[in-house]
Amino acid sequence: MTTENPGIPRPDESQAQRLSFPRQHARTQRFTLGAPRAFTVAPDGSRVVFLRSTDGTDRANRLWVLDVSDGGAERVAADPHVLLGGAAEKLSAAERARRERSREGGAGIVGYATDAAVELAAFALSGRLFTAELRAGTARELPVPGPVIDPRPSPDGRHVAYVARGALRVTGADGEGDRALAEPETGQEATVTYGLAEFIAAEEMHRSRGFWWSPDSRRLLVARVDDAPVQRWWIADPAHPDRAPEQVAYPAAGTPNAEVGLWVLGLDGSRTEVVWDRARFPYLARVHWSADGAPLLLVQSRDQGSQLYLAVDPDSGATRMVHAEEDPEWLELFPGVPCWSPSGKLVRIADEGGARVLAWGERPLTGAQLHVRAVLDVTEEDILLSASAGAAAADPETGEIHVYRVNELGVERVSQEPGVHSAVRAGGLTVLVSATLDRPGAQVQVLREGKQVAVIASHAQRPGLTPRVTLTEGGTRKIPCAVLLPTDYKETDGPLPVLLDPYGGPHGQRVQRAHNIFLTSQWFADQGFAVLVADGRGTPGRSPGWEKSIKNDKTLTLEDQVDALHALAERFPFDLNRVAIRGWSYGGYLAGMAALRRPDVFHAAVVGAPVTDLRLYDTHYEERYLGDPNRTPETYRYNSLICDDGLVEAAEPHRPMLIVHGLADDNVVVAHSLRLSSALLAAGRPHEVLPLSGVTHMTPQEQVAENLLLLQVDFLKRSLGLPRE
């Protein structure tokens, strides 16, 4: 299937004239500032709570309430500028780390939690604890020890639990009775925390929480993390030699992980350890506690080939197995599951018969027509989920993700227009978030029984350009692809130099039917390139086999980039004598591999924050794909760009390479790029290195983000022999 949108009017031309795209893109944090997010629907369907900043360049989010019964009127429930009296925010090291793990670039109120009735919200601001009464629209600070992390009200709204200095604490919602329920033991203050997710859980498992309230508000499940076994690395800032390096606990592949346990803590002071075979299943991947059943855990083996669903007896701490799964490659983790249905059946997402299906108890409710992505809500009537087209779908719906209602009677699509959709639902109200190719950003509709009752406005800026994108498939494997040409391109202009712009790896789908995801690619196209974005094997959204085919061989992700390029060159104006590639993180790894191993295809590469020696990346990620490096050293060597002896599998001729890395990156540490540079130098291969002082794995600084785009274009044009402005 091929679709195009070449004739859409370019929005906000005046803004485009005032600011260059790189500056606007950087200043608006990729046009995310001012957009509503983090929706919570009251169980009575009367209101929707969300976060949003005041405009497209304001980083500070306010807490908002939309009153459905009042005609969809919006009001501010908490304003960080007012609550802090205009003072600047001060973030603790632990809070900065949490935001880095979640790739949070905003400020102000970046997260909140509510009680069960969505009457009370709690949030941390500048390390202090605040609550907001959502009906009254009043907010106040609770005087508690700080710095506060991840406050969460009890379901009945009478208490707020939070983490401060590694201790799980609780206070009354009136600010009285603050106390610690669990604190790091004497002598272990530097390594033990209660109530926080460890690095691996937050970075790779997408479990950002470390404690969970019981439905009756009398107890909590609390994770105890001891990272004493984890090796210590040091992150230094060479631009500031007067500052001591920062010590981080980083569990690289093949090395010890943090020890993670779970406790039931009562408000009455009781304390019970939850018991399971932690030696065999050390990863605490998911925790669920609702009124529909016993506390539910999902625990994984270290190789992620086995996992157990466990029900917990909160009185004794004993666990019983509800379900077990095994997979010869690995078992994926999914949002929203596992959980109980109101009838007490286990709801999960499973890979069965070559398809990713929704399972209700032991019964699959979907088949190969859908590729299930996440469970969004579970009621007695149905299960709300998001899914893309499965292998058996009549239409591949390239780049689309839809919302569906599923029950024993069948499947019903909730979202209709082609695009990328998600939803939040409660009390008969659905908040549907929809991104499409033909409009910037995302539209947020509030629906009741399928009828729109309100729209939540976005204050995000409109981009000064519109992607000219064709979604298609390339090669015999029908690789999902997007091709972008210059806005003013005509067929008589002839072939164009090609820029591949992939992520190209696990958990990163770049080919989506959404406007904003292609803005940077279009800007590069407007600099005179034909841009190709390809989601080859290993990327999500197609089938379990597609994702898991890269087991032990990540070079297949490069093979698919080459296949897509050559296949689409028969249909698009690609000049195969001038081909470059750029990427960040996995995309940077892919770009580096392209330049080193396929110089017959690629003539230049921008290698951003790459993983170069896979032994230096974390356990849960690398061991999932390549096993234990202590047992499979050759697998790690073959899949890495460098090893102890230098470059791996590097071919001739040498191609120009620009290596970019943030010196403060604690996810993909700068050692990856420095060792790559050393190996290139030892091999006599000229290259360029751009170190970014003070920059982490994100590049939130406006000037850095802007100039990084401009420098990449300059490098690519120089390297390909193109005219430069």
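**Helices, strands and one buried serine in a predicted model**

User: How many of the eight residues of helix H10 (residues 619-626) are buried?

Analyst: This is a predicted model, in which local features need pLDDT of at least 70 and side-chain atom pairs count only at pLDDT 80 or more, while totals for chains, interfaces and linings use all residues. Residues are numbered from 1 along each chain as its sequence is written, and side-chain values use heavy atoms, with hydrogens and water left out. Helices (H or I, at least four residues) and strands (E, at least two) are DSSP runs numbered from the N terminus, and buried means under 20% relative accessible area, exposed over 50% and partly exposed in between, with a 1.4 Å probe and protein chains only. Helix H10 is largely enclosed by the rest of the structure, because the number of its residues that are buried is eight of the eight.

User: What covers the buried residues of H10?

Analyst: The buried residues of H10 include Thr619, Tyr621 and Leu626. Contact here means heavy atoms within 4.5 Å. What covers the buried residues includes strand E22 (283-288), strand E23 (296-300), and the helices H5 (199-205), H9 (586-597) and H11 (633-639).

User: At the start of H10, which residue has a side-chain oxygen that reaches the backbone nitrogen of His620?

Analyst: A polar contact is a pair of N or O atoms within 3.5 Å; within protein, one must be able to donate a hydrogen and the other to accept it, and residues adjacent in sequence count only if both atoms are side-chain atoms. At the start of H10, the side-chain oxygen that comes to within 3.4 Å of the backbone nitrogen of His620 belongs to Asp618.

User: At what angle do helix H8 (residues 555-568) and H9 pack?

Analyst: In H8, Thr555, Thr557, Leu558 and Gln561 meet Tyr586, Leu590, Met593, Ala594 and Arg597 of H9. Axes are lines fitted to C-alpha atoms, for helices over the stretch in contact, and angles run from 0 to 180 degrees between N-to-C directions. The axes of H8 and H9 are 10 Å apart, and the helices pack at an angle of about 75°. Angles under 35 degrees count as roughly parallel, over 145 as roughly antiparallel, 65 to 115 as roughly perpendicular and the rest as oblique, and that makes the arrangement of H8 to H9 roughly perpendicular.

User: In E32, which residue is the bridge partner of Leu385?

Analyst: Strand E31 (residues 383-389) is mostly covered, with seven of its seven residues buried. E31 forms a hairpin with E30, with four residues between them, and seven bridges join strand E30 (residues 370-378) to E31. E31 also pairs in the antiparallel sense with strand E32 (residues 402-407) over five bridges, and in E32 the partner of Leu385 is Tyr404.

User: Is Ser217 buried or exposed?

Analyst: Ser217 has its place in the loop between strand E16 (211-213) and strand E17 (219-226). A polar atom of the Ser217 side chain lies 3.0 Å from the backbone nitrogen of Asp156, and Ser217 also touches other residues, including Pro155 and Leu267. With a relative accessible area of 4%, Ser217 is buried.

Definitions and conventions:
Pairing = 2+ DSSP bridges. Lists of a residue's contacts leave out its neighbours within four places in sequence.
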